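Please keep the sequence and the 3D view open as you read.

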Amino acid sequence: MAARKNTLKYRQKGANTTFETSSIDSTVVEEKLFGQAKEDEDGDDGPVVFICGKCKLPVGDSLSWDGSEDGQNQIRLKRVTDNVLIGKDNRMYEVSKRSLCLIVDLSCRGCHSVLGMVYASTPKNLDHKRFTFCLNVADIDSYVLGSASQMLAAEGPKEQPVTLEYRGIVEQQMTEMKMLVMSMAHALEEIEAGLQEGCDEA
């Protein structure tokens with residue numbers, strides 16, 4: 001009987017430790033696991049500029065972002081640049097079997113390639129697309145402002161500002177270099193004079 005009680009106590013103790021709540025703060029775990037991702041989001045890159053895939057004219061930017069359509073491989077913008085021409089003719093477009101829409105094509109002013117469309121009339125389930133500029137991802141390129149990493153040597157981080165102290169050091173170094181060049185020129189003149197005398201005697 002005593003052995004049975006000990007076994008029962010052991011089972012209850014094991015059961016209780018299995019379902020004990022952890023004293024670890026979930027926010028600490030989240031920071032450890034997802035902290036890097038959050039830092040990356042905070043240090044977000046600059047705005048994205050969208051350009052025509054063929055002639056590279058800018059057509060819009062991420063400041064007018066309205067969303068994306070992964071299924072149709074499109075992005076939606078609220079505004080575009082003057083380099084995007086809005087067609088005059090409406091045409092029917094079938095998104096799916098029950099979603100017939102009236103659209104207008106968007107084309108590039110530079111190369112006249114089709115960039116996307118504007119939905120002029122949509123069924124209720126596609127109202128969010130109406131009167132936004134839907135650009136085909138396949139027909140545009142993009143770049144992030146501020147993503148360039150090349151710098152001229154003069155713009156490098158080791159550039160020292162010109163101060164009076166720095167100017168004094170530079171002038172001192174220039175004077176020393178000038179004295180060195182003068183002494184080398186004098187020594188060269190003596191060597192040339194010696195060679196000239198040797199040539200005259202011969």
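The report below goes from cores to surface patch, then to salt bridges and cysteines.

This is a predicted model, in which local features need pLDDT of at least 70, side-chain atom pairs count only at pLDDT 80 or more, and totals for chains, interfaces and linings use all residues. Residues are numbered from 1 along each chain as its sequence is written, and side-chain values use heavy atoms, with hydrogens and water left out.

**Nonpolar cores**

A nonpolar core is a set of buried Ala, Val, Leu, Ile, Met, Phe, Trp, Tyr and Cys residues joined through side-chain atoms within 4.5 Å. Buried means under 20% relative accessible area, exposed over 50%, and partly exposed in between (1.4 Å probe, protein chains only). The largest core here has 13 residues, and those with the most contacts inside it include F50, I75 and I140. At least two residues of this core come from each of β1 (48-52), β4 (74-77), β6 (99-108), β7 (114-121) and β8 (133-136); strands (E, at least two residues) and helices (H or I, at least four) are DSSP runs, numbered from the N terminus. Another core, of 6 residues, lies apart from it, with I103, M117, Y119 and C134 among them.

**A surface patch**

V170, M174 and M177 form a nonpolar patch on the surface, with about 290 Å² of accessible area together. Such a patch joins nonpolar side chains (Val, Leu, Ile, Met, Phe, Trp, Tyr) within 5 Å, from residues with over 30% relative accessible area and no salt bridge; areas come from the Shrake-Rupley method with a 1.4 Å probe. M177 sits in helix α3 (residues 164-201) and is exposed, at 52% relative accessible area.

**Salt bridges**

The whole structure has 5 salt bridges, each a side-chain nitrogen of Lys or Arg within 4 Å of a carboxyl oxygen of Asp or Glu. Three of them are listed here.

| Pair | N to O distance |
|---|---|
| D66 and R76 | 3.4 Å |
| D105 and R91 | 2.9 Å |
| R130 and D127 | 2.4 Å |

D66 in strand β3 (residues 65-69) and R76 in strand β4 are 10 residues apart. D66 is partly exposed at 27%, whereas R76 is buried at 8%.

**Cysteines**

The structure holds 0 disulfides. C55 is partly exposed, at 31% relative accessible area, while C108 is buried, at 0%.

Terms used: Disulfide = S-S within 2.5 Å. Patch = residues over 30% accessible without salt bridge, like charges linked within 9 Å, V, L, I, M, F, W, Y side chains within 5 Å.
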